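Visitor: Could you walk me through this model before I do anything with it?

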Amino acid sequence: MSKFLIVEDSQVIQKILRHIAKQELDREVLFAASMAEAKALYADHKHELIAGIIDIALPDAPNGELVDFLLEDHFPLIVLTGTDDGERRQSLLKKGAADYVLKESRYSYQYAVQMLSRLEKNSNVKILVVDDSRQIRQFVTYLLKLHRYQVFEAEDGLVALQILDKEPDIHMVLTDYHMPNLNGFELVQQIRQRYEKTPIAVIGLSSQGDSHVSVQFIKNGANDFLPKPFEHEEFFCRVTNNIESLERMLSLKLQATKDYLTGLNNRRYFAEEGDAHLRRCQTEEIPICLAMIDIDLFKRVNDGFGHLVGDQVLKQFAYYLDDCFGRFITARTGGEEFSILLTGLQPSQARSLLEEFRIMVEELEFEFGDGEYLRLTISIGMSVASDDSLDSLLQRADQHLYAAKDSGRNMLVSDSIMLS
Ligand SMILES: Nc1nc2c(ncn2[C@@H]2O[C@H](COP(=O)(O)OP(=O)(O)OP(=O)(O)O)[C@@H](O)[C@H]2O)c(=O)[nH]1
């Protein structure tokens with residue numbers, strides 16, 4: 001299990017750091033108050049430790065000996081210090097410290113702890129560096145790796161686009177302006193056109209004094225720019241700020257497409273993704289069916305056991321639905337109504353799969369309260385796509401669903417059954 005290391009000899013400050021770490025971090029934190037203690041912990045847990053906050057002056061290491069020891073071992077760390085010494089700060093950042101934080105206020109301790117969490121998350125963030133100068137590319141890559149980012153490099157805009165095609169989860173591009181084949185502005189324009197729906201933050205790197213290039217980067221669709229040469233700290237502030245706004249946007253987007261109760265996709269997601277997916281399948285002549293599943297007499301569950309039990313049962317039902325159909329586009333499209341786009345299956349195969357699920361649900365025990373359980377059945381309407389729109393598929397599946405309810409529930413009615 002991954003852990004963090006915090007080394008601080010002042011009891012008061014360590015207490016504050018413990019308190020903030022408990023609130024902000026969901027990983028175990030190892031604390032030490034001296035170099036000897038810290039080295040012992042480091043030796044025992046080296047492979048589990050992600051990063052650390054290290055006080056520069058310790059009783060048995062007054063001149064930053066512990067920081068030097070850990071940096072030489074390439075351990076990602078944030079230096080904590082009581083003195084604002086510009087030269088020392090520059091030298092530590094050059095040696096590879098991820099950040100340099102002054103012991104000023106509760107806010108600075110909070111910043112340092114949040115930085116630990118940032119360093120952990122960064123290992124899942126992919127960044128593409130585009131520059132025709134090998135030296136600059138390598139320097140930017142070195143800096144990003146200090147903050148544990150996954151880095152890809154491209155020597156020009158064309159290679160950058162090839163990498164973006166192969167790595168769809170790259171969410172940040174740092175690009176130079178003057179490059180052969182495709183310059184920085186053209187690259188940003190291409191990124192915005194080609195990956196319209198993928199959130200990608202672009203930071204343009206411009207030469208100092210070339211304010212025209214900086215402004216033009218933004219006007220061409222970049223999120224930010226950074227004049228070269230840059231200070232380590234300014235570089236990291238810009239990268240972190242852009243990554244964090246992107247994460248906030250992605251999280252809002254996720255919330256807007258997820259059902260809060262079950263965690264399944266919601267109706268909005270189903271309408272948007274389903275429509276695009278249906279059209280792709282129709283173009284490529286891939287068979288596609290739409291199933292609408294409704295829990296029978298669910299009102300009786302609420303009336304008999306209460307709304308909270310109803311919620312609990314809906315969550316369990318969603319779990320089983322996701323388990324069986326998670327590889328398809330699924331969603332909770334109504335209160336006790338769920339929809340699935342079954343792609344790549346012939347109608348008879350889709351029907352068999354849905355029948356198996358109906359029978360499985362009939363036999364399941366849905367638990368609630370203290371070891372009690374109840375049973376449910378479901379009705380299913382299934383439509384088979386030819387050149388229909390998603391709306392007309394939904395409408396037909398809905399009609400079949402009501403036919404199943406009218407005929408006594410706990411059954412599947414589909415297009416092909418009606419046709420045969
Ligand atoms: N607990 C809970 N109940 C919900 C939720 N959304 C919808 N429902 C309930 O689902 C029930 C649906 O009832 P009806 O539309 O009358 O249908 P039914 O009882 O399932 O009967 P048939 O569909 O005809 O088999 C209502 O009692 C709604 O309150 C929810 O999020 N939680």
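Visitor: What should I know about numbering and confidence?

Guide: Residues are numbered from 1 along each chain as its sequence is written. The model is predicted, and local features need pLDDT of at least 70, side-chain atom pairs count only at pLDDT 80 or more, and totals for chains, interfaces and linings use all residues.

Visitor: OK, how many helices and strands are in the chain?

Guide: The chain has 16 helices and 17 strands, where helices (H or I, at least four residues) and strands (E, at least two) are DSSP runs numbered from the N terminus. The chain is more spread out than a compact globule, because its radius of gyration is 28 Å, well over the 22 Å that the globule rule gives for 420 residues; the radius is taken over C-alpha atoms, and the rule is 2.2 Å times the number of residues to the power 0.38.

Visitor: And what does the C-alpha trace span along its principal axes?

Guide: About 85 × 60 × 30 Å.

Visitor: Switching to packing, at what angle do H7 and H8 cross?

Guide: The axes of H7 (residues 157-166) and H8 (residues 184-194) come within 10 Å and cross at roughly 25°, the axes being lines fitted to C-alpha atoms over the stretch in contact, with angles from 0 to 180 degrees between N-to-C directions. H7 and H8 are therefore roughly parallel to each other (angles under 35 degrees count as roughly parallel, over 145 as roughly antiparallel, 65 to 115 as roughly perpendicular and the rest as oblique).

Visitor: Which residues meet there?

Guide: Gly-157, Ala-160, Leu-161 and Leu-164 in H7 meet Glu-186, Leu-187, Gln-190 and Ile-191 in H8, contact requiring C-beta atoms, placed from the backbone, within 7 Å.

Visitor: What about H1 and H5, how do their axes cross?

Guide: The axes of H1 (residues 11-24) and H5 (residues 106-122) come within 10 Å and cross at roughly 45°, which makes H1 oblique to H5.

Key: Contact = placed C-beta atoms within 7 Å.
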